[in-house]
Amino acid sequence: MSKLRIAVQKSGRLNEDSMKILKDIGISIDNGKDQLKASARNFPVEVFYLRNGDIPQYLKDGVVDVAIIGENVLIEKGKDIRIAEKLGFSTCRVCIAVPKSMGYNGIKDLEGKRIATSYPNTVQDYLDKNGVKSNLHIINGSVEIAPNIGLADAICDIVSSGSTLFKNNLKEVETILKSEAVLAVSPVLTEEKEAILSKIQFRIKSVLKGRQ
Ligand code: PRP
Ligand code: MG
């Protein structure tokens, strides 16, 4: 019998919340922290620990069948991927922030400025809609440090508690979108796997209901 391959974030806050919901729906994982793959003991499921940004492509290619992932990552890299369920946890927003000391009167102030981000498509769409041309600088982590080291004038990243912005003397000036964890599904799923997925989805729905 084939197993449903579920991708979750390798490390970080979404990882903890993802493992928690799997546990809550009764899927127990033999979790060696350094393993990239683990099997469930009591359900036809395998969990793959992957980098967030890689997950949309793995879904498209059918390398994994489903994923617990931030909606913001799908908006950036996987617009055509189906969302089976919104999960209500790991909420955040994708924002543009600038140094506290910078005067800011609106999005036009970003014209010609350098923006550091891990979400180039999302920012570019937003700038295009507002008729603003900026220079994007793509970096993959610790984005908030960029203005302090002279790499950029502004940043665009996810904000949750706001503490990373605060620590780096940045202020949020534009909120591009709001996001939460979702259950995303590969476009290429066998009927056998669809059946496992619907069992999981049923359990998720009842757990989420209980959390309300
Ligand atoms: C994430 C994100 C922000 C921060 C937001 O970074 O990129 O920097 O969390 O959370 P906060 O508003 O609660 O501070 P993470 O710690 O995952 O590290 P990374 O950016 O280096 O991947
Ligand atoms: Mg960060």
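Predicted model: local features only at pLDDT ≥ 70, side-chain atom pairs only at ≥ 80, totals over all residues.
Helices (H or I, at least four residues) and strands (E, at least two) are DSSP runs, numbered from the N terminus. S9 gives the most, with three residues.

The ligand is surrounded by Gly 12, Gly 141, Ser 142, Glu 144, Asp 157, Ile 158, Val 159, Ser 160, Ser 161, Gly 162, Ser 163 and Thr 164. A residue counts as near the ligand if its C-beta atom, placed from the backbone, lies within 6 Å of it. By class, the shell has two nonpolar, eight polar and two charged residues. Ala, Val, Leu, Ile, Met, Phe, Trp, Tyr, Cys and Pro count as nonpolar; Asp, Glu, Lys and Arg are charged; the others, Gly among them, are polar.

## The sheet

Five strands form an open, mixed sheet, ordered S8-S7-S9-S6-S10. Strands pair if DSSP finds at least two bridges between them. Strand S8 (135-138) and strand S10 (170-179) are the edges, each pairing on one side only. Neighbouring strands are turned by 25 degrees against each other on average, direction ignored.

S7 (residues 114-117) and S8 run parallel, joined by four bridges. Ile 115 stands opposite Leu 136 in S8.

## The helix on the sheet

Helix H4 (residues 120-129) packs on the sheet, touching strand S6 (92-99), S7, S8, S9 and S10. Contact means C-beta atoms, placed from the backbone, within 7 Å. The direction of H4 makes about 170 degrees with that of S8. Axes are lines fitted to C-alpha atoms, for helices over the stretch in contact; angles run from 0 to 180 degrees between N-to-C directions.

## Conventions

Residues are numbered from 1 along each chain as its sequence is written, chains are lettered from A and ligands numbered from 1 in the order in which they are written. Local features need pLDDT of at least 70, side-chain atom pairs count only at pLDDT 80 or more, and totals for chains, interfaces and linings use all residues.

Methods
Contact = placed C-beta atoms within 7 Å.
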